[in-house]
Each structure stands twice: as structure tokens, then as C-alpha cells.
Amino acid sequence: MPSTRSVFIDGESGTTGLGIRDRLAALAEVELRSLPAERRRDPGARREMMAQVDLVVLCLPDDAARQSAAMAESLGNAGPRVLDASTAHRVHPDWTYGFPEMLPGQSDRIAASHRVANPGCYPTGAISLLRPLVDAGLVPTDYPVTINAVSGFSGGGKSMIEAHERDGGPAFELYGLGLEHKHLPEIHRYGGLTRRPIFVPSVGHFRQGMLVSIPLHLDTLPGKPKAADLQAALEARYRGCELVRMVPPPGNGKLEPQALNHTDRLELSVHGNEQYRQAVLVARLDNLGKGASGAAVQNIKLMLGLHAGVGARELTDA
């Protein structure tokens, strides 16, 4: 096996693509392949590049990602592995969902797959909280789940980023109130739910950082568990995980969304009140880290069998 692996980021100039490039620069085993700006929309040049690399990362709008994935597929056995950072293939049956900590053995499935869909930022938080509790029988699959979340504006795409950076943007706003947010299908499926959850996302006037919260009435759950039982189930699922960890609730009863910025960590906590038999599950992450570029590089390492190193080489196709 060669000592280096080559990676081409199709759509490298966007927020997620740039974040992936920065992180791959710390991997000595990676050769970053790139097309000059004037050739990046040339299908022939992109297809030729795909035939030369070990892995392609798609950082494109959904329709363009589907076209690029089909282009890679058309190369047959000469084609690269593909990691798609868009929403296009996240619930596709032929693609592996790229959340390594979601289930026992999921990292092995990702490592063996040729087509992996990177999770969304909100689903990473929601699924990490829900799936262990559903698997443990503490939350029924048909439970009427409500998910509330707030993200920095960097997760909202080019127009939202420009609006906040140029004009200041609103201090806070709810969105997705048509209840059809594009992240709902993956939360529904990989959260282990049979009833479609209600998801209420929001954006604040800060660049990055995220909180995802799920309120629960404990007496409506099977066996009427305590908050400590939920905590124990989550701890059991993530024990030994490097990037996902349980943390105790803060003494002041407050959480702010930016504490994990510029990291790839995901922190989970259970906030309970036994007097009122209520609990709130909370996930905190950087929407550009474990919620996007950091998760992508974690999957790249698994797919190509890489280990962290220093001094990646970058090769540009002239």
C-alpha cells in the first residue's frame, strides 16, 4: 500500500471545503489534489481528476453533489471512494451514514464503505442524544420528540454569512417553521424514530457554535426513568469515545453555544428535575467542527486508514 493517499475536494472554496483543507494539512499521509479555479466547473477536468485520486470529497449543493457522485460512479473500478458533505445521500440506502459513534461497529462500516454521507450538524447533536435512549428502550420509537437548536450563522450558507458579516443580521431568529427542514429525514431515520419529530432550528448573531436540546417528560417514558437513567444509557454508549463525551450539568444552569468552537468535540449532558419529573438533553458542538469539516476528516481517516501526522503535501493540477 502506498505511504500517501490522494484527496480531491470538489467544491473546495466553500466554508466546509476550506475547513476540510485546513484539517487535512495536518495529515502527512495526504496529498491534496486541486484544479485551478478556471477549470473547477469543467466536467472533463473534474472527471479526469477523480480517476487519479483515492478519495473525492463533495462540498457542493445537493443537485451538483448527485451529479458529481454519478461522475465518480461512472469510472467503475477505477473510481475513487466518495465522501459527500451535502444532504443529497444521507438517507440513501446505498450510502453509509458517516457518524462513527452512532452505533457499535459504525466506524468499521464507514472504513469499509466506498460511499459515505457526512452527517448534518443538527442531526449530529440530535441523533447522539436520541439513538442510545431509543436503543435502550428508554424512549419509544413513536415518542413525540421535539428538538430545539441554535447555531451560529456560518451554518446558513453564503447569503446568510454575508448578511451577518456585512449588515449585522438579526440578533436571533427562528427558521424552518414550515417543519420541513432538510435535516429532518436523517434525524428521523438514524434517531431510530418511527414518528417524525418536530424540529425547531434557530440562528444567532455569532459565527459558529451550536446547542441542540430535547425536552422530555419522564413520566411519559416507559418505566418512568430518572434523569440518572438517561445519563447512564448515554454514558454506556459513548464510553471510550475520543470525540464524544458526557459532561455534568453546569452548576449555574446555563450553557452557551460557543465553548467548543475550533474543536471537533461533541459534549452531551442531561439536565433533570426530579421534583417535576422533567429533563432536557443537550448536545454542544462546533457546527463547523464535529458538525461539518471535523466530521468529514474523521470519516476520511477511517475510509483511507490514515493516522494524524504533520506536513501534508499539496499537489496542484496545472
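Strand β9 is mostly covered, with six of its seven residues buried, where buried means under 20% relative accessible area, exposed means over 50%, and partly exposed lies in between (1.4 Å probe, protein chains only). Helices (H or I, at least four residues) and strands (E, at least two) are DSSP runs, numbered from the N terminus. The model is predicted, so local features need a pLDDT of at least 70, side-chain atom pairs count only at pLDDT 80 or more, and totals for chains, interfaces and linings use all residues. Residues are numbered from 1 along each chain as its sequence is written, and side-chain values use heavy atoms, with hydrogens and water left out.

Strand β9, which spans residues 198–204, is joined to β8 by three bridges, and these two strands run antiparallel. With β7 (residues 146–152), β9 pairs in the parallel sense over seven bridges. Two strands are said to pair if DSSP finds at least two bridges between them. V203 of β9 is the bridge partner of E173, and V203 is also the bridge partner of S151. Strands of a sheet pair through backbone hydrogen bonds, either parallel or antiparallel.

These strands belong to an open sheet of seven strands with mixed pairing, in the order β8-β9-β7-β10-β13-β12-β11. At its edges are β8 (172–174) and β11 (244–246), each of which pairs on one side only. From one strand to the next, the twist averages 20°. Helix α8 (residues 227–238) lies across β10 (210–217), β11, β12 (266–273) and β13 (278–285), and runs at about 165° to β12. For such angles, axes are lines fitted to C-alpha atoms, for helices over the stretch in contact, and the angles run from 0 to 180 degrees between N-to-C directions.

A pair of helices can be followed next. The axes of α1 (residues 15–24) and α9 (residues 289–304) come within 9 Å and cross at roughly 50°. The two helices are therefore oblique to each other, since angles under 35 degrees count as roughly parallel, over 145 as roughly antiparallel, 65 to 115 as roughly perpendicular and the rest as oblique. Residues making the contact include I20 and L24 of α1 and A292 and V297 of α9, where contact means heavy atoms within 4.5 Å.

Finally, there is the matter of confidence. The predictor's confidence in each residue, from 0 to 100, is called pLDDT, and the protein averages a pLDDT of 92, with 96% of the residues scoring at least 70. Over residues 308–318, however, pLDDT stays under 50.
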